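Dear colleague,

Please find the structure below for your records. My findings follow directly after it.

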Amino acid sequence: MKKTGTGEDSWEQLCEKCGLCCFEKIEDESGAIFFTSTPCRYLDVVTRECRIYHRRFAIFPECVRLTEELVRELTWLHDDCGYRKALGLTRKR
Ligand code: SF4
């Protein structure tokens, strides 16, 4: 029998590992979000994977745990984020 993942596992599998959420962002006074080319110090920019993924909250408490509620609220996740797409969230362009 094929082993199925936990709810948390299947949620995390929605991430497409683009790594874009791990780059610094700037918000201007109008609320527009601009992605910079500065990655989190723990992002492997070649594989686009976090180098400390399983210990990230212990090592880097500023890292954001993306829950469904948070994905719905955050203004800085781009529309092609796997979580946003899975929840059917898009912005007017
Ligand atoms: S932006 Fe979304 S899909 Fe891309 S790495 Fe971050 S959580 Fe995963």
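The shell around the ligand consists of 8 nonpolar, 2 polar and 2 charged residues. In this classification Ala, Val, Leu, Ile, Met, Phe, Trp, Tyr, Cys and Pro count as nonpolar, Asp, Glu, Lys and Arg as charged, and the others, Gly among them, as polar. The residues concerned are Cys 15, Glu 16, Lys 17, Cys 18, Gly 19, Leu 20, Cys 21, Leu 66, Leu 77, Cys 81, Gly 82 and Tyr 83; a residue is taken as near the ligand if its C-beta atom, placed from the backbone, lies within 6 Å of it.

Please note that this is a predicted model, in which local features need pLDDT of at least 70 and side-chain atom pairs count only at pLDDT 80 or more, while totals for chains, interfaces and linings use all residues. Residues are numbered from 1 along each chain as its sequence is written.

As to confidence, the mean pLDDT of the chain (the predictor's confidence in each residue, from 0 to 100) is 90, and 91% of the residues score at least 70. Where pLDDT is low, the predicted coordinates should not be read in detail.

The chain contains 4 helices and 4 strands, in the order α-β-β-β-β-α-α-α from the N terminus. Both kinds of element are DSSP runs numbered from the N terminus, with at least four residues (H or I) for a helix and at least two (E) for a strand. Along the principal axes, the C-alpha atoms fill a box of roughly 55 × 30 × 25 Å. Of the 93 residues in the chain, 3% are buried; this requires 20 or more other C-beta atoms within 10 Å of the residue's own, whereas 12 or fewer make a residue exposed and values in between partly exposed, with C-beta atoms placed from the backbone.

Ile 26 belongs to strand E1 (residues 23–27) and counts as exposed because it has 11 C-beta neighbours inside 10 Å. Leaving aside residues up to four places away in sequence, Ile 26 touches Phe 34 and Thr 36, a contact being a pair of C-beta atoms, placed from the backbone, within 7 Å. Val 45 lies in the loop between E3 and strand E4 (49–50), and its 12 C-beta neighbours inside 10 Å are why Val 45 counts as exposed.

Yours sincerely

Conventions: Two residues are in contact if their C-beta atoms, placed from the backbone, lie within 7 Å.
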